[in-house]
Amino acid sequence: MNGPVEPFKIKVVEPVNLPSEERRKEAIREAGFNTFLLLSEDVFIDLLTDSGTSAMSDNQWAGMMLGDEAYAGSKNFYNLEKAVQEVLGYKYMVPTHQGRGAEHLMYSHLVKPGHLVPRNMYFTTSKLHVELPGGKMVDVIIDEAHDPENLHPFKGNVDFKKLQKYIDEYGIDKIAFVNVEMDVNMAGGQPISMQNLRELREFCNDYKLKIIYDATRSSENAYFIREREKGYEDTPIINILNEMMSYSDGCIYSSKKDCLVNIGGFLATNDKEIFESTRNMVVVYEGLHTYGGMAGRDMEAVARGLREGTQYEYLKYRVNQVRYLGELLMKANVPIVKPIGGHAVFLNALKFLPHLSREQWPAQTLAAAIYEDSAVRTMERGAISKGRDKETGQNVFPKLELVRLTIPRRVYTNSHMEYTANSIVNLYNKRDTIPGLKMIYEPQYLRFFQARFEQVPL
Ligand SMILES: Cc1ncc(COP(=O)(O)O)c(C=O)c1O
């Protein structure tokens, strides 16, 4: 089995070092068994996240030199606005420093105390930005998404029966908007179909309900639509994106993923009222409405990256490199979420470490053990990420207890994928020797970033 051929050649390299076994053991203990607290220089292959970790192209770097660093009216802002209009089809755009800045502006504007926000599975920062103004995020994804073995081609789809149930139970006035994520991160990078988006629009029109996308990985989602949905086999990705977005009232977008840059974000909409309110608030929290926390050069890189990230040959390589890693693991019977997602391979920690209880945090344990074994950095996506129930204060144990091997875009070669797969297969073969963890420090917000743990002897 060969990995996909890269549609680029390498112009600049950054050396990486494999730390000794002794140093790895020490480093993960210093980090409290939390891979977010490791020093990057202690990491050999960094699969922590695909966020802000892309390699930019020569065209993007050339654009960085054309940064117009004026406080107001930077020409790079207008280039970005034009790219958003052309690639996504929205009329208005408000720039922010990254995705959560856009979530803050959009969700604090739309959510009032007591509101519900139904979404096709939560995402950590999105859930928090709905809760901070007094709302609650509820899950309306299809059941298949909660089953790692289910092969549904569009596990990101919304279940209309679940949505209807919330409307009937709470009343339409209590629903702030419907929030739809593209290529659903916490479900394993699973796409939503065009048909589901179209039907959702019709459903919401009946109730005059707004639909706001988390369009962060919309280009990768568009690739899956082209690959899997009848009628889109030959459609240019940009046309697919324009159609997807046409079924929404607006979106938030973390540019740090599909736009192939290291920083940036925005919100976009066709709704003048949303635009005017959020454009006003951006000056309070992010910066003037023509930079929103980004330098001019960053906006130029986002503008160019948004277009580049829709090239079919690039997306095909991208999705297939993720698939290559997943297939190497599947061949050795390592339990992963299927179908293999767009940005990452997710290990099923409950099956990998069946000797641990949920209170011993299997996914956190596995991410730490992978680092100690091979200096590959991954991250937990399970109960630690989910956090506590807002009302009861109790830990919530989602069905999916996963470790995410997130592939940065255009950064690692296929032999890095092979090293990673071999290391994880070796670890899988000695999985019953891995002890669980106890949480000894828990911060109030987004605990997965900063929590600390210690080992519980077997
Ligand atoms: C689906 C999704 N939404 C929102 C965000 C938040 O974006 P940022 O990290 O740029 O603040 C992320 C980041 O990982 C994400 O994956």
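Visitor: In which loop is the place of Pro339?

Guide: In this predicted model, the peptide bond that leads from Lys338 to Pro339 is cis, with omega near -10 degrees. Most peptide bonds are trans. As for its place in the chain, Pro339 belongs to the loop between helix 12 (312–331) and strand 9.

Visitor: What is the phi of Asn333, and is Asn333 buried or exposed?

Guide: Asn333 lies in the loop between helix 12 and strand 9, and its phi is near 65 degrees, a positive value in a residue other than glycine. Most residues other than glycine have a negative phi. Because exposed means over 50% relative accessible area, Asn333, with a value of 60%, counts as exposed.

Visitor: Is Asp183 buried or exposed?

Guide: Asp183 is found in the loop between strand 5 and helix 7, and its phi, near 50 degrees, is a positive value in a residue other than glycine. The relative accessible area of Asp183 is 0%, so this residue is buried.

Visitor: Which residues of strand 5 lie on one side, and which on the other?

Guide: Strand 5 covers residues 178–181, and both of its faces are covered, with the residues on either side all buried. On one side are Val178 and Val180, and on the other are Asn179 and Glu181.

Visitor: Which residue in strand 6 stands opposite Glu181?

Guide: Strand 5 and strand 6 (residues 211–214) run parallel and are joined by four bridges. Between these strands the chain passes through helix 7 (residues 194–207), and this β-α-β crossover is right-handed. Within the pairing of the strands, the residue opposite Glu181 is Asp214.

Visitor: How many residues are in the largest nonpolar core?

Guide: The residues with the most contacts inside this core are Leu88, Val180, Leu200, Tyr213 and Met244. Tyr213, leaving aside its neighbours within four places in sequence, is in contact with residues including Tyr90, Val180, Leu197 and Met244. Apart from this core lies another, of 53 residues, with Leu328, Ile336, Trp361 and Ile434 among them. The largest nonpolar core itself has 63 residues.

Visitor: What is the relative accessible area of Asn79?

Guide: Asn79 lies in helix 3 (residues 75–87) and touches Glu300 and Ala303, not counting residues up to four places away in sequence. Asn79 and Arg304 are 225 residues apart in sequence and, C-alpha to C-alpha, 8.6 Å apart in space. Asn79 is partly exposed, and its relative accessible area is 33%.

Visitor: Which kind of aromatic pair do Tyr223 and Phe224 form?

Guide: A search of the whole structure finds 17 aromatic pairs. Tyr223 and Phe224 form an aromatic pair with 6.2 Å from centre to centre and 70 degrees between the planes. Both Tyr223 and Phe224 are buried. Because planes over 60 degrees apart count as edge-to-face, the pair of Tyr223 and Phe224 is edge-to-face.

Visitor: How far from the centre of the ring of Tyr312 is the charged end of Arg226?

Guide: Lys165 lies over the face of Tyr166, at 5.5 Å from the ring centre. The charged end of Arg226 sits over the ring of Tyr312, and its distance from the centre of that ring is 3.7 Å.

How values were computed: Residues are numbered from 1 along each chain as its sequence is written. This is a predicted model: local features need pLDDT of at least 70, side-chain atom pairs count only at pLDDT 80 or more; totals for chains, interfaces and linings use all residues. Side-chain values use heavy atoms; hydrogens and water are left out. Buried means under 20% relative accessible area, exposed over 50%, partly exposed in between (1.4 Å probe, protein chains only). Helices (H or I, at least four residues) and strands (E, at least two) are DSSP runs, numbered from the N terminus. Two strands pair if DSSP finds at least two bridges between them. A crossover is right-handed if, with the strands pointing away from the viewer, the path from the first strand over the helix to the second runs clockwise. Rings of Phe, Tyr and Trp (its six-membered ring) pair if their centres lie within 6.5 Å; planes under 30 degrees apart count as stacked, over 60 as edge-to-face and the rest as tilted. A charge sits over a ring if NZ of Lys or CZ of Arg is within 6 Å of the ring centre and within 35 degrees of the ring normal. A nonpolar core is a set of buried Ala, Val, Leu, Ile, Met, Phe, Trp, Tyr and Cys residues joined through side-chain atoms within 4.5 Å. Contact means heavy atoms within 4.5 Å.
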